Amino acid sequence: MKILVSALEHSANVHLKSLKNELSETTEFIGIFDKELGESIIDLRSLAIMGFVDAIKKLRFFLKLNNDMLRLAHDADKVLLIDSSGFNLPLAKKIKKKYPDKEIIYYILPQAWAWKKKRIPVLEKTIDHLASILPFEKEYYSKDAPIEYVGHPLLDQITEFKENLEDEIKNIVFMPGSRKGEISKLMPIFREVQKELEVQATIIVPKHFSKEDIKEVYGSLSGFKTAHDAHKTLLEADFAFICSGTATLEASLIGIPFVLTYIAKPLDYFIASKLVKLEYIGLANIMFNKFKNRALHPEFIQKDVTSKNLLKAYKEYDRSRFLSDSKALREYLVHGSSKRVAAIIEDRDED
């Protein structure tokens, strides 16, 4: 089987690798994905953008790429779209218009429940299988929508969890993000926090960063140990400060107490604040609020991201409550998603 895959983000490709392990060896990927999975039509590093402003600057580039994918759809048996709704939803509409019988599976759906609810009828009309990774997402769709909760992909990758916490905090992890813009904004604040805390400090650096990248983006890393394996490092640590994103949900599932931090470009934040009406920005908090009616962890955004606020949150943290809540979140998500999505793609019952 030949599948047209559109997986633009690093996190999407992590989940795609787990999915490929569940698919038949005769399954071939064409399209956009990590080079470890086959011959992609583009280097994923050229797709990195941060916020609305960057997206507008690269609009022509993405329009051409979208048309390239439409041409490839002719030779595909099925289409698999993963996340990245700004690119994938227009692509889905083009493919469905040109090839109405081509089966399209959307895995990790657009967050239409958070903003742009008008996308939901479009998704229902355009996509043949809506593979949701959020237990509450289905309630926003119509009764007959082709949507099902398939589990959460992070539970395919995360297999070890904290069962208890040490009384003394000896090792703190700092995760300033994976995009250069967000890292450069958070590092000065993280350095201030690190200097105030007399414990071992470890900073997670993306594997693909060169020595030149690290020097340019992070500046001085004096006082920090460096690591690349986020899951292993978080599991062995006692506390963390993490930039908003998938890493905050990873930490929530692993069970390491942490504080979420996020500094966006002012224009991007202004646009997002007008479009998205949510009480929290962390996905773990959004989900936890759905079934427990409260937050799982602290969040600091924009001007509130100060060393003073982060240190105060750290000192007042109820770590034992967080660990208990982390276990409740895992129970809420139930299991991973790769087996079910593979079964949908191959039209078979799960093993």
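**Entry 1**

I took buried to mean under 20% relative accessible area, exposed to mean over 50%, and partly exposed to mean anything in between. I note at the outset that the model is predicted.

I then turned to the aromatic pairs, of which the structure holds 17. F258 forms one of them with F322; the arrangement is edge-to-face, with 5.9 Å from centre to centre and 90° between the planes. I asked myself which parts of the chain this pair ties together. F258 belongs to strand β11 (residues 258–262) and F322 to helix α14 (residues 319–333), so the pair links parts that are 64 residues apart in sequence. I checked F322 as well: its relative accessibility is 2%, and it therefore counts as buried.

**Entry 2: the pair F288–F291**

I next examined F288 and F291, an aromatic pair that is also edge-to-face. The ring centres are 5.2 Å apart and the planes stand at 70°.

**Entry 3: the aromatic cluster**

I looked up where F258 and F322 belong among the other rings, and both are members of one aromatic cluster. I recorded F174, F190, F224, F239, F241, Y314 and Y317 as the other members.

**Entry 4: charges over rings**

I searched for lysines placed over aromatic faces. K102 lies over the face of Y99, at 5.1 Å from the ring centre. K290 lies over the face of F136, and here the distance to the ring centre is 4.9 Å.

**Entry 5: helices α7 and α8**

I finished with a helix pair. Two packed helices are described by the angle between their axes and by the distance between those axes. For helix α7 (residues 180–196) and helix α8 (residues 211–218), I noted an angle of about 60° and axes 8 Å apart. The two helices are therefore oblique to each other.

Which residues meet at this contact? From α7 I listed K180, I183, S184, M187 and R191, and from α8 I listed D213, E216, V217 and Y218. Sorted by class, the contact has four nonpolar, one polar and four charged residues.

Definitions and conventions. Residues are numbered from 1 along each chain as its sequence is written. This is a predicted model: local features need pLDDT of at least 70, side-chain atom pairs count only at pLDDT 80 or more; totals for chains, interfaces and linings use all residues. Side-chain values use heavy atoms; hydrogens and water are left out. Rings of Phe, Tyr and Trp (its six-membered ring) pair if their centres lie within 6.5 Å; planes under 30 degrees apart count as stacked, over 60 as edge-to-face and the rest as tilted. Helices (H or I, at least four residues) and strands (E, at least two) are DSSP runs, numbered from the N terminus. Buried means under 20% relative accessible area, exposed over 50%, partly exposed in between (1.4 Å probe, protein chains only). A charge sits over a ring if NZ of Lys or CZ of Arg is within 6 Å of the ring centre and within 35 degrees of the ring normal. Axes are lines fitted to C-alpha atoms, for helices over the stretch in contact, and angles run from 0 to 180 degrees between N-to-C directions. Angles under 35 degrees count as roughly parallel, over 145 as roughly antiparallel, 65 to 115 as roughly perpendicular and the rest as oblique. Contact means heavy atoms within 4.5 Å. Ala, Val, Leu, Ile, Met, Phe, Trp, Tyr, Cys and Pro count as nonpolar, Asp, Glu, Lys and Arg as charged, and the others, Gly among them, as polar.
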